[in-house]
Amino acid sequence: MKGYICIHGHFYQPPRENPWLERIEVQDSAAPYHDWNARVHAECYAPNAVSRILNERSRITGIVNNYEHISFNFGPTLLSWIEREATDIYQKIIGADRISAEKHGGHGNAIAQAYNHMIMPLANRRDKITQIVWGINSFRKHFNRAPEGMWLPETAVDLETLEILCEHGIRFTILAPRQARRIRPLTTSIWCDVSNESIDTTMPYLVRLPCGGVIAVFFYHGAIAHDLAFGGLLQNAENYKNRLFQALPAAGKNPPLVNVATDGETYGHHHRFGDMALAYALEQVRKKPDVGLTNYGEYLSLFKPTHEVEIIDNSSWSCIHGVERWRADCGCRAGGHDNWNQKWRQVLRESLDWLRHELIRIYSSRAASLLQNPWQARDEYIEVTMARSETAKTDFLHRHARSSKPLSDTDRSRALQLLEMQRNAMLMYTSCGWFFDEMSGIEATQVLRYAARAIELAERCSTESLEDAFIERLAKAQSNISGMGTGADIYRRFILASKSHLKEVAIHFSLSSFFENYQQKNSLGCYTIELKEYEKQRHEHTLAATGRLHARSTITEEEASFIFAALQQEPHDYYCTVKDCSDITASCGTSPGGNSSANHLYTELTDSLFTNLKAKGPSAALKVIDQYLGTGRYTIKDLFKDEQEELLNIVLEGELEYIGETLEAAYRKTSFLTVLLEECGHSIPTPFIIAAEVTLKRKLVNALKSQKSTHETIRLLLDEINRWHISLDNEWLERTLRTLIEKEMTTIKNAPTTNNLAHMNGKVSMLYLFPVQVNLWQTQNTYFDLLHSSYSAKKELSDSGDREAVKWLEEFMRLGDGLFINVDDVIANRDTVQKKVALLLPAQDGKTKSESSSRIAATS
């Protein structure tokens, strides 16, 4: 064997969840996607699971799962998001590790990552342990095995971190060449300085640890990694392949390893179609018989380290100053604003360090009365956060409670609040908070939101107020953006406004009840809402509603009951008032427990509200609400961001439909006059043109959706659009056509009949009428699924003379051609792969078939 090649992708996004709702809210900067996880997933994580192999005519000859052929790690919070939001891609990632383990002697391609990308050298020992334990347990949950290696965030390293990795069974990690100080052969005591990045990256090294243990370290090929990430190497897949082969030196005692590590997002997000360049390079490596495609675990099992290395403590791959990028204005930045500084980084780091110290004090004192070993409980709390179930919480608290008796509801909630406080104290150190250039950016404000949530929970558990002192410390930081002010201003503007708890859930529920079809039991983020009573009445143009609900956090088990009243006077004019039942006083007629008084108040409120609405109108109804629930009113602006956008879209849809119908009527009314103006050489008035544009676009969308539309229908509409010199927005047009095609393909997936295939072929052929290239990625994926699930059976029927199967195959092959797929090549490649997989299946003697064949040949 001439040598081995290993390509590693570090796939990671920071945790983005709203810490009060435990869900990701819409992020405008990620448009047209909902959020940055969704956007990068569409550009990178999903394409790498189904990457295209193209021929010289740019037609698809195969779809491959890159994760089967590269070493990779996924950030635990990101992989959990993919599991929830993209189950099909998640299964391909997990399956890739299983398949790679079969190919590489039991060593899967996946390695673990320290949990939420905390810069480990800047963490205290206790936090380092938790990050590593959480990373390992998350990996076990997803991949159903123990990890051999672990990726360190930003490859930031110190000896203590390596010691903890070793203590928890991690065999290796991956570092940048500049993180090595000196090396020596294991057989000598003579050291060689390699701090100028001259280390030989084609072999693993051993690090001896103060605890007496050892850990292996791989140093990736710095030049190739740089050119992949920043040098445009992915623009030409052939060049990428050549660079990998050229980096293989002559084999010495052990075959050399060319290993390259970059952000996984390099392959698709940072560089469009990077996944395809990777797929091509991997295919070329697999074709070369004297070069093996491997992963780190397999290579380490085959070739033990022959040299020892001393690392440079407090070093990383993305800061030439060590780890200063995450605590100082070192000069490392994303770029684009030469006049900006990052002095705020030090303030943010020091403020969070102060907060961490206070949270440790509160946790140590308060949790000691509830939990046997509070810090061990924190390490094992990952079991609860991964499951998020009542059973997981109960089992966990049963194991860790100080008392042998079950905790009371109050103590149970308090223990969970303390553990959540510590979880948010972990998340507030996510490295992205410091990586970029401005403190008011979404990355820095996200870590501040986690800090705010930790502060809130600390105050509930201890009655100590930490927020004012924290804000005072943030005031020392200054934003680079005019008008943003200090770190304190940023906190007040972005963080305080995003806080939400049980009352905010009740406010949201009461407003959204006008447009959501709520049931008796509902969920919203990490809250459950039980609707006790709800009444709604309309009088003329006003809609009124009253209700009683009980809200409960599924995470901390805090709960409260509320009474609400809401009014809608216009399509966009919503407001409500909410009252906590525990605040109902003797003036409402109290009774022991408060339930009777709340019921009495609700009954009186409802009767009086609806009576006054009918008799005297909305103004009188508002006075009733003020009288019973107080004058605090909430509007659409107080809805959670996603539902706010949903409601605004509903309102806009209605208004736009009305405007569209009005303009369409105007278009029909003025059509004869328009022709006359054209024939007389008179210019067309702008309002006429606007009416024509809106009308023709509406007609085009309706024609595309119609089952009866023909090519001629579409062509005539496009001719009319061109006659009016109307410019179709390419983004809108592509999205419209893609949505249509994907919907039709879903129909085929559910019912792959000959008629449906023929209808789909008609729709696909219509795409050529439009001056835009439609993204067929998802449609092609569905086609490939059908190719694997249905083609073989239909082919057998066709070969046996089944006429219906013959027609089905004709339409199916025609569809593949329309989707730019060379079906014959795909089938040939698939058959070749199946033969190779068969060689990996166990034979009767327990060996794989390829091993058995080799053994027989050797014996002969």
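**Salt bridges in the predicted model**

1. R453 and E456 are three residues apart in helix 16 (residues 442-462), which means that about one helical turn separates them. Their side chains meet in a salt bridge, with an N to O distance of 2.5 Å. Both R453 and E456 are buried. The model is a predicted one.

2. A second pair within a helix is R361 and E358, both in helix 10 (residues 344-367), three residues apart, or about one turn of the helix. The salt bridge between these side chains has an N to O distance of 2.5 Å. R361 counts as partly exposed because its relative accessibility is 35%, and the cut-off for buried is under 20%. E358 has a relative accessible area of 14% and is therefore buried.

3. The side chains of R208 and E308 form a salt bridge at 3.2 Å, N to O. This pair links distant parts of the chain: R208 belongs to strand 10 (residues 205-208) and E308 to strand 14 (residues 307-311), 100 residues apart. R208 has 44% relative accessibility, so R208 counts as partly exposed. E308, with a relative accessible area of 6%, is buried.

4. Salt bridges also join residues into a network, made up of R125, K128, D158, E160 and E167.

5. How many salt bridges does a search of the whole structure find? The search gives 54. Among them are the R453 to E456 bridge, the R361 to E358 bridge and the R208 to E308 bridge.

Definitions and conventions. Residues numbered from 1 in each chain as written. Predicted model: local features only at pLDDT ≥ 70, side-chain atom pairs only at ≥ 80, totals over all residues. Heavy atoms only, no water. Salt bridge = Lys/Arg side-chain N within 4 Å of Asp/Glu carboxyl O. Helix = DSSP H or I, 4+ residues; strand = E, 2+ residues; numbered from the N terminus. Buried < 20%, exposed > 50% of the residue type's maximum accessible area, 1.4 Å probe, protein only.
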